[in-house]
Amino acid sequence: MADEENRPAATHNSPRTWLLTAALSPLAVRLIRQLLSHGDYVVACLPPQEIDHEQRSAEFRELIAECKSSRKDREGWKDRIRGIRCDGNMSSCISAVTDAVAVFGRIDVLLCCRSEAVVATVEELSTNPHTQSLARQQFESNFFSQVNFIKATLPQLRKQHTGHIIALTSTCGHLGTPGLSMFSAATWGFEGYCDSLAYEVAPFNIKVTVVQPNMEIQSLTGRLTFAPQIPAYVDAYPAAPNVRDMLSNVLNSDPDTAVPEPLEESGATPSTPGSTSLEPEPGRGGIFDRYPRLTPQAADALVNETVHALTAIGGHENPPSRHIVGSEAALAVKEKLKTVTEEMEDFVDSSLAVDIFESELTEEAKKGKRPRDKSPEAGGPNQPSQ
């Protein structure tokens, strides 16, 4: 058992203890290799439904075999990694944190990296009780399970008076994506949670960072669950890429992950023009899920930028509150923020029209200037950066 008092607090360049909330994705496996080669310690949480899935757990099992091998460049790895089965409910998260501290003495970085994507439009998630349950499933995996890990870890981080919580999300936290309505909703919700959390834990020297890679990073390295498609949405987005088709094309590139053929359309549906029925249009086919199978080279190309960002930021003494990975993601978010700003300026008169009292802030808002906060507490040194 490690003695916490005998081990000094980690700095950015010294060995750190990482707790990964889900360690079986191609991204997580490559990150663990980087951490172990750096000399860090890793607690790898293994969702039971994934570790028991032969394809999903194959890369992680190869990593463990490397750790136990006699390779010179893997020396000491097996002593610095601990795998723990954890399904994300509160009791299992508490057990994982307790085991991590018992084995390695402390937790320096909590990486919330579990991600699954439900592929469906809003209407496709309302066709029957089974599709409706997918909305809750999405929040359970991407929101509540990660919140449980944070709640379980906070007492230890406060006790240490140091720690870094990283939420690995995606640009869906800024950009709504057709066909990923619940995935976007869970991402926005978790990011809002983390933004508030950052203020709450700042007095305890605990940092919080939201890391946003491209949407494809998380969706192509986690489980994809497809709801039956409503015929009306098949060709509804001719001017934009169809997420369902894009992800299906990746899955269809491997015979073992190919998606089922949709059922043929038959006859009129309740949404036929002229119909007065308010019943949802039935989808074609059934619910199914897949783990995308990528070649090692394709997985490297997909996740290496994000892995580099995580290793550079994790445990940093002054990390950013939000980090967007890659030029494509940064440009997409920048364009969205530009649109929001322009729309706000276009309707600023409407926004100001509801004000009862005239003030100097009104004129500053009309000029597009940011109102100045003259209170002595404004911009204090203990406020998290935005």
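Is Asn-205 buried, partly exposed or exposed, and what is its relative accessibility? Asn-205 counts as partly exposed, at 32% relative accessibility. Here buried means under 20% relative accessible area, exposed over 50%, and partly exposed in between (1.4 Å probe, protein chains only).

This is a predicted model, in which local features need pLDDT of at least 70, side-chain atom pairs count only at pLDDT 80 or more, and totals for chains, interfaces and linings use all residues. Residues are numbered from 1 along each chain as its sequence is written, and side-chain values use heavy atoms, with hydrogens and water left out.

Asn-205 lies in the loop between helix 6 and strand 7 (206–212). Helices (H or I, at least four residues) and strands (E, at least two) are DSSP runs, numbered from the N terminus. Phi of Asn-205 is near 60 degrees, a positive value although the residue is not a glycine. His-161, which is not a glycine either, has a positive phi of about 60 degrees. The loop that holds His-161 runs between helix 5 (129–160) and strand 6.

His-174 is located in the loop between strand 6 (163–168) and helix 6 (181–201). Leaving aside residues up to four places away in sequence, His-174 touches Trp-188, Gln-212, Arg-322, Val-333, Lys-336 and Leu-337; a contact means heavy atoms within 4.5 Å.

Glu-343 belongs to helix 10 (residues 327–346).

| Residue | Relative accessible area | Class |
|---|---|---|
| Glu-343 | 49% | partly exposed |
| His-161 | 42% | partly exposed |
| His-174 | 17% | buried |
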